[in-house]
Structure formats: C-alpha cells, structure tokens
Amino acid sequence: MTAGDGRTLGDHLTELLLSDPPATATKAVMDWASRQSPPITDPGPALDEFRARARRDRARAGDLIRARLSEDGGIEDALTAVNARGVPTALRLSVLDQIADRLEPRHVRELARVSARQHAQVVLRARDILVRLGTAEAMYALVRILGRRDDEAGRLAVEAGVELGNTLPAVAAVRAGEAPDEIGGEDLFYAALALPTTETSSARSAGDVRTIVELVAADVDAALQASGRTVGGLSDYEQALRDDVHALVLAWRLARDEPLEGRAVDTVLRSGSADDVAQVVADADVNVSRTVATRALDRSRRRHERFAVQAVGAMRGLRDRDDVRRELRSTMVEALEDDELDVRTAAIEALATDADDLEARERRAVALAYAALPTDRRATVSSGLGQLGREVVALRDAGAIVDWARGASPADASLRAGLLAEALQENGLALDDATDLLATIVMLLQVVGGREGESIGGVREIALHILGAVARNPPHVEPLLAIPGVLELLGRSITASDLEAVHDSPRPLLVAGLLRTGQSSWLAADEPDPLVLDQVLAHVAADVPGEWDDIVRHASERVRRRLLRARLLGLALVLRELEQLERAEREQSAIVLSEQRDAVIGALNDAEAAARGNPGLLEQLAFVRQAVVAVASSDPPDDRSRLEAWHARISETVGVRRHGERLEVSTSDDDVLSLLLEADVMAHGRDNLSPAGRTAVRRDLVDLVDGLVAAGYGPGGPHWTILAKHLRGRNELTRLVWGSWSSTLEDAAAETAAVLIVPGGSHEAAMRLDALVRRLDDDGVNRVADAVAPTDLETASLTIGRLLRAASRARDGLRERVGRSREAAARRIGEELRLPLRSIESTLFGYFRLRAALTELGWRQIAPSLGDLISREQLDPQRQDVRGDVDAQQFRVRTLGLEVDGEVIDRVIVEGVGKEGDEQEET
C-alpha cells in the first residue's frame, strides 16, 4: 500500500478485518460461505474457513500497520486506524502501542479526537500517552475532551489532567495571573481553557494574560471557522473546542463588541446546556448577560421543548445578577404560568431573590405558582421563600404551608414558626391537616434549638391547641403521637389539666408516649389528676421501658409511693404468669404429643381403608403405625424401672424417712445433697424422662428441698453455706430453695420492704425478692409500699424495676417456648416417620418414573395427584368417573386418568366422601 492510493490505513483495515467469528455458524457466515468459489454448504467447514480467513486477515493487518509507519505521514495515517470502523479493540491498542514513542505534541489534537469515543481501554491508553506528552493542550484534551465521557475512563482522564496541570508552568502562570516570556501563548490559552473559572480570577483581571489569551482565541476561532466551511465540517474534537473557546470568551469578557463575542453568544444559545447558559448569564459582561438572558427567556423560545432548559439556566444565572434581574422581572412573572415545570420552578426561585421589592400582585403570583408545584418540587425551593410566607399562608393550602415551613433554616425558623402560628389562629384548624402541621411545628422548634423567642412560645401554645382538638378525635391521635419529637415538645409544657382535658380513648396513648420519652415533670405535684395518675399506674404495671425510671426521680413523694405499689403489683402478676407458664410447659408436651399422634393415626386409618386388597402396602403402613405409636407413647421403655429405682434410693438414704408426703432430713450426710442434685437433673435437666416421670421426680424434689430448709440448710440457716455452694448454675433448684425459705416466714411483707431498700443488685438479692414477691397478696403489696421510708422510695422503686424487667423477659421467652411445643412434637413424630415413608416411596418409585416418562412422550395424567379432594362444582363428566356416593359434596381422587393431546383415554376415578370424611366402599 502506498500513501498516494487515496485511502487511509483505517480504510484498508476496515475493508480487511472481520469481527470475531461467532461460536456457531450463523446466517451471516452461511451467506458468506455461499459466495465462495466453490460455495461451502456444510456449516462446520464454513465456520472453520471463516475463522481461518479472520486469522490471516489479522496477521496482514499488523503487516499493514508496520509498513505504513515507515512511510511519510505514516503516524497520522496510523492514528486514523484507531477510529476506523470495524477495527477490533485489540488492534486499536496495538496501533497506539506501536506509535506511542513517535507521537509529538503536535499530535495531541488528533490523538484525542480518534480515541474519545472508543472503548475504555483505548481511552486509558490514550490518557497515558497524553500525560507523557505533558503539554497544556494535552491537559485540555484530558480534562475537556476525554473527560466529557460519563464513565470511569472519563473520570480517570480528568484526574490525570488535573495532576498533569499541577506540574505545568503555564497552569501556574494562569492561576497567578502572570505571563512570563518563556511560556508560549498557546500554552497559556489551553491552560485557561482547561482550568475551572474559579481558578482563573487573577488571570481574568491581568491585562497581559487577557491580551495573549484573546489573541490566541481569535486565531483558533478563525481556524475553526475555516475548517467548518470544508466538506467534512468540524470534527467532534473541533466542535468541543469551539464551544469551549466561546465559553472562555464570554466568561473572561474578551472580544468586547467584536464578531467573536457575537459568535460566542450564538454558540451558547444554539447548543449550550442549562449550566452553560447559567454560567454565562452570571459571569459575562452586563450587555452579554442581558442579551443571553433576554433571548433565552423569549416566550416562543422558552416554550420550545429544545430550548426550555436554556430558559431555566438563564433564570438560575439571574439570581446572581442584580443589575440584570430587575429588568427581566415581568418576563419571569409571565413564565410562572408556563407549562414546563422546570421553567416555573426556576422563575419562582429567581423572583424570590427580590421578594421584598416585588409588588403585591407579583408576590401573590409567586405564592400561587409555588402552591401549584408538586410536593417534591416545593421541597427543593421552599428554603428561598422565607420572605413570601404571609402570601403562602394566606392561600390556606395546608400542603403548601407545611412544605414552605419545612424549608426553614436556623436563620428564619423563628419567623416561619411565628407566621405558621398566626395562620392557624386566624384561619382555624382542619383535623385532616393537623398531623402535618404539628410535625412542621416540631421541626421548626428543633431547627431553632436554644435560640427561642416569644414567637416560639406562641408556637408551643398552638401545638397544644392542635393536640386538644385532635385528641377529641381518637383516629387522629396515633399518627399525631408518632411524630418524632412531638412528645418531647408536649412534655416540656403539658400539665395535668391538659391531660385531663384529653378524651378518654386517646388518653392512654398520650400518657404512655409521654412516659416512654421520660416526660413526667407534670407528676411532680403532690396531688396530680387522679384520672391521669391511674393511666400512669396502669402502664407502669403492664410494661417497663427503662426510661420510666426517670419518673421516680421527678415525681413527688406521694406519686413515688403509688408508683412503687404499681410496680410491685405488676411484678406479682408477671411472676404468677411465669408459674402458670412453667406448669404448662411441663404438662403440655405430653398433651401435644398425644394430639399429634391421634391426628397421624387417624390419617393412617384412612390410608389403610383405602389400601384394602393390597397386602404389600398394608404391611408398609403397619410399619408407619408402629413408629408413631413408639414415639408418642406416654413413657420411654425404661421410665417405670428408673422411677422405682429412684424411690428406692430415697427410702434407703441415711437420714431420710418418709412421713406421708414429706421428707424429713435428720442428718447432714453428703448423700442427702447428692440425692438433691440428682433429682434436680432428672426434673429439670436433659435427662430422658417422660413428662409424667419428670413431674413425679419434681414432687420428690420439692419435698426434699422443704426437708433440707427445715433442717437448717435454707437461707439464714446454720448449714446454708453448705447448700449454697451447690446451687450455682441451677436456677430452678435455687428458686425452689428460696421459695421454700419464704414459706417459713411469718411476715413476708416486712422482709420484702427490708430487702428493697438495699442498694445494688446481687443475684442472691434478686432471688430473695423473687421468692418474697411471689408470696405477696394485694394487702401485702400495700403494706410493703407503706413501710418504705420516703428517703428510700427511689431505691426501692428502681430495684423493683430491675426485677420486673428481668421477669418480663423471662415470661416472654417462656411464652415463646410454650408456643413452639407443637412444632417440637411434630418434629419428633416426623423423625420417626422418615424411614417408613422413604420405604413406601422407594417401592412406588418405579411406577411414578413410568408416569413421568409417559408424560414426556405425550400420555399425560389428568389429575395432579392421587388422594386429592375435589368439590362437586369441579366435577366434569368428560374427565371424571364418579364411584360410590354420587350425591356427595366432595370426592377423593382414586386414579390419575390418561389423555393424549387433550383427548381423554381413561377418565379419573373419583369416590364420594361421606359426611364424616370416609370414602364409600367401591363395589
């Protein structure tokens, strides 16, 4: 190939190279094969030949590249191959690798042009070459050409350009506003193009730099005009360069009143984005800013779909141009009625900048346009509308008012809160809007923080007004109290009389909410409202959030004593429920297991009735029955013998004698303690005893504990330390010991009051209190509360609170375990059913495999599965054959049926199910 043949290297490569051949012979490959001489008709050889041609063509492509690089103009021609159509990425990278060391600064523009739209790998390779070339134009190409991409490669190119710029003298000169003789004009120009406007303020005001940049810009613009008049027009790179040059001219205010300035304005208005237009309007000379804004806001232009974004950009720029904005105010007021949402939004924001200077009709127009915006859009502009609050509030549009108020900043939150309060007082309150309005008030108070003034006090009053109105309508209360911060707001100023005024139905919700947030200062009165206090006591007894301990610290002595009484009653109730749940857990497992067994045996009875006449299946079902009966029997096989042995050991143990239902201990022999610990394991541990066996052993354990306590082994007894060291880690046994000890006390209430006032919370103290409170009746609770000295009320209440929380957690866990007992029984039976069912399924596997194979071949079963129940309404005489009770309401599927291509070959036999669920015997 020679340079004079009229075609570039890229043209030859495009003609020569084929894409990677497909994995299989596609229509395209076969079309190609049919055009060969002679034609190839077999797909296999066609694909092999296609791939072979591709490999040969690739090898020739490499030869072409190397040959062209040795000729004049070869580097420029090779660069065109990077952008050639149809060239694989690998070959583009190969071209760049072969010419990288021969590229010079004059090649920057072409390198950036051909690589900008290529695969990310090509862009990154070009990035590395541009960094090596290290010129200001290379920096511009990285930041403004390759950096236009919105992918990772574009981002990396920008980063590389910025790093390169930090090393270039031209960039440092532009940042400093200097023009050293040793730095060329083009370098200063490209540095100015690449740097953001914020970094060129010194250069824009320096005469020498401005003059050089303006001259180079004019030369570059002239060259671009000439290129644009050619047949090929401007390349992508040249179009981007033209736009950047013209943006620079306007931003730097160059070429004032010259044709270049006019072309720059035309470029911005022809293809500029909203950001481009906004920047020009904000930064350009006043005449240019006025011209661009006026043309962009022209009615016919801004209502054109293509140019609406430029109108938005112009109004964004006008927010920073006091010298131009007022001249275009009437045009922006007119834009408030446009159909385009972005245009209306931008007009609102721009006009709000001059809110204090707007006429009354203009202020109302802005408020109306704001209210007409969607909620999400109002949220984006409300922060700038602080001075238009009265107009917004006057519209009586709750949604607009709330969105406006939520745009508050610390600087104007007080103002907005005051206006909101005035509006509510003047215009009344719609309950449907109350939640949003109160949430907004809370938000405003939180924004203001500690800088509270009179207006904030007024807002608090209106918040209580909202509460009073809403609280008389129970459906509104829950969403009201769910507002973050509302309870804290109310709690700081609410009084007992406020709560008394609240309707009976929502009062518990309000009181509970106030208590949960620690808002209880209103309980400090000696005689708080009895209705309110009753609600407090009810909640304290029912649940125990940790924050409620603060109530004790704020309440008066009388209230503290009543709170202590309520907590004691609550604890007694929880402990009683715990005892019931423990008993249920011990007894329920046997009951549930029996119920599950009966259900499975009932199903087995039905299955055996249906299997009459099939001895093999009946034998398999018998194995299932044996498994179910074995797992669900009341006692494990060795239960009886183990219990007999246990009772024999009790009667034979030295120092232990039976007297009716009690065991009396008359010796301190270690055998007694060993017997006690063994009984604890059998009754409470993992011992494999039946529930009935555990119950029997536990009765003996209780009697044994009572005997030991009576013999001085209980708390406070002479032998207590001997028993105590064996109780660690044995919670059930420990509870039995303390319970037996408490039953020996003459006055449990006095002992409880004494224990309550001891600070701290050891495990022994907790177990002692647990046992004592279990013995208290309502009279005992009152005696305990009255016996505690005023100075000890806080300690006593906090101690009970800790115990109540622990007991509540234990109760909740036990509730869950009792609820899971049915699942545990089902798992036990399931484990035993596993093997018998697997045996039956193995026997029937061959039949179901046959059915599956027939289905694949077209002989399909009609019914999904045997044994299904279908209703009378589902019967189809064409597909089902009814046997037995034809008048039944339900029918059991006895055979699957057979059909081919929708035609029934053998109908499904179904059998009527009697009232008791039994199938009628087939005759």
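Tutor: Arg811 is found in helix α46, which covers residues 793–819. Helices here are DSSP runs of H or I with at least four residues, strands are runs of E with at least two, and both are numbered from the N terminus. This is a predicted model, in which local features need pLDDT of at least 70 and side-chain atom pairs count only at pLDDT 80 or more, while totals for chains, interfaces and linings use all residues. Residues are numbered from 1 along each chain as its sequence is written, and side-chain values use heavy atoms, with hydrogens and water left out.

Arg811 counts as buried because its relative accessibility is 11%; buried means under 20% relative accessible area, exposed means over 50%, and partly exposed lies in between, with a 1.4 Å probe and protein chains only. Leaving aside residues up to four places away in sequence, Arg811 touches Val574, Glu577, Leu578 and Leu581, where contact means heavy atoms within 4.5 Å.

As background for that site, the protein has 47 helices and nine strands, and 45% of its 923 residues count as buried. Of the contacts between residues at least 6 apart in sequence, 68% join residues at least 24 apart.

Helix α22 runs over residues 341–352 and has 12 residues. From first C-alpha to last it reaches 17 Å, close to the 16 Å expected at 1.5 Å a residue; the expected span is 1.5 Å times one less than the number of residues.

A helix pair can be read in the same way. The axes of α40 (691–713) and α42 (731–742) come within 9 Å and cross at roughly 50 degrees. Axes are lines fitted to C-alpha atoms, for helices over the stretch in contact, and angles run from 0 to 180 degrees between N-to-C directions. The two helices α40 and α42 are therefore oblique to each other: under 35 degrees counts as roughly parallel, over 145 as roughly antiparallel, 65 to 115 as roughly perpendicular, and the rest as oblique. In this pair, Arg698, Leu701, Val702, Val705, Asp706 and Val709 of α40 meet Glu732, Leu733, Leu736, Val737, Ser740 and Trp741 of α42. The residues of this contact divide into eight nonpolar, one polar and three charged. Here Ala, Val, Leu, Ile, Met, Phe, Trp, Tyr, Cys and Pro count as nonpolar, Asp, Glu, Lys and Arg as charged, and the others, Gly among them, as polar.

Two loop residues need a separate note. Arg253 sits in the loop between α14 (236–251) and α15 (259–271), and has a positive phi of about 55 degrees although it is not a glycine. At 32% relative accessibility, Arg253 counts as partly exposed. Asp901 sits in the loop between β7 (898–900) and β8 (903–906); its phi is near 50 degrees, also a positive value in a residue other than glycine. Asp901 is exposed, with a relative accessible area of 78%. Most residues other than glycine have a negative phi.
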